[in-house]
Amino acid sequence: MPELPEVETTCRGIAPHITGQKVNALIVRQPKLRWPVPDDLSEKVCNKTIIKVSRRAKYLLIHFDHGAAIFHLGMSGSLRIVDHNTPLKKHDHIDLQLNNKKVLRYHDPRRFGALLWQNKEQLHPLLDHLGPEPLSDTFGGNYLFQQSRKRKTAVKTFIMDGSIVVGVGNIYANEALFSAGIKPDREAGSISRKRYYLLAKTIKSVLSQAIKQGGSTLRDFVGGDGKPGYFQQTLNVYGRGSEPCKQCGKSLKEIRLGQRSTVFCNGCQR
DNA sequence: AAAGACACCTGGGAGC
DNA sequence: TGCTCCCAGGTGTCTT
């Protein structure tokens, strides 16, 4: 479910409700996520005050004086703010109960997500060796061009590699490549600097557009049924295999790259 | 070193 | 209605 824009939207949505709050309890009903929830996490966060919420790649960090709880939403995870008496649904695995009678509730049917802990001033191994944030100034066409030299992997696989750039998931990789007019299976190392400038630009714009739209549905993260913002995003190719290209009308092609569904227009992308 | 396959897990939809 | 099969927004780890 969550690509970078949804994690960012979640981060912004929950921050005002939990920042400055003291944690009353951590309830872990199902510790078997992608990695087990640490046994001692409850002791680490109980009676401690949340000082900040931030995002790095698709990780959501809840900061305390002495360290941070790290959430990852995996494929199907979501975090929402609910009232303390809100009935549990299936797959509501974790509650972080706050002083203000609100609960930060983690829901994740497939359990590919995670809840971990990192000590102060010491980067968790998972957050080490990550590439730049796509929306930062250190990420751009020149960087992509340089990183891609002599690489034979498909350009789509390349931009989805978290050590190159974080946060470009399957939906937005497809969309950014369409907008840049680049065929997803082109060898990364064979693409010109000029075209990487355009690709970096479309990656940034497709992600910021989605975040902007997610911002309009922030209330969904504090009640309601929690429909993620990017469901509203206009998708040009993702999920539209064999439908007509919105640009030229030709039938969109669907292939698999790195076991991921890949959709593109043979006419508009080369 | 880089590329590709596989793993984790549940639910929904298609096809029979 | 119910069974079987395939697919799904991620990403660490193992094998070539």
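The legends below describe close-up views of a predicted model. Local features need pLDDT of at least 70, side-chain atom pairs count only at pLDDT 80 or more, and totals for linings use all residues. Residues are numbered from 1 along each chain as its sequence is written.

**View A. The largest pocket, with a volume of about 880 Å³.** A pocket is an open set of points on a 1 Å grid over the protein atoms alone, with protein on both sides within 12 Å along at least five of seven lines, and lining residues have an atom within 4 Å of a point. The lining comprises 31 residues, of which K58, H72, M75, G169 and R260 are the closest to the pocket centre. Two or more residues each come from α4 (155–159) and α5 (170–180), helices being DSSP runs of H or I with at least four residues and strands runs of E with at least two. By class, the lining holds 18 nonpolar, eight polar and five charged residues, with Gly counted as polar.

**View B. The largest cavity, holding about 50 Å³ of space.** A cavity is a set of points where a 1.4 Å probe fits but cannot get out, and one of 30 Å³ or more is found in the whole structure. It is lined by L26, L41, V45, I62, F64, A69, F71, L96 and L115, and α2 (41–45), β3 (59–64) and β4 (67–72) each give two or more residues to that lining. The cavity lining has nine nonpolar residues, no polar and no charged ones.

Terms used
Chains are lettered from A and ligands numbered from 1 in the order in which they are written. Side-chain values use heavy atoms; hydrogens and water are left out. Grid points are joined across faces, edges and corners, and a volume is the space filled by probe spheres set on the points.
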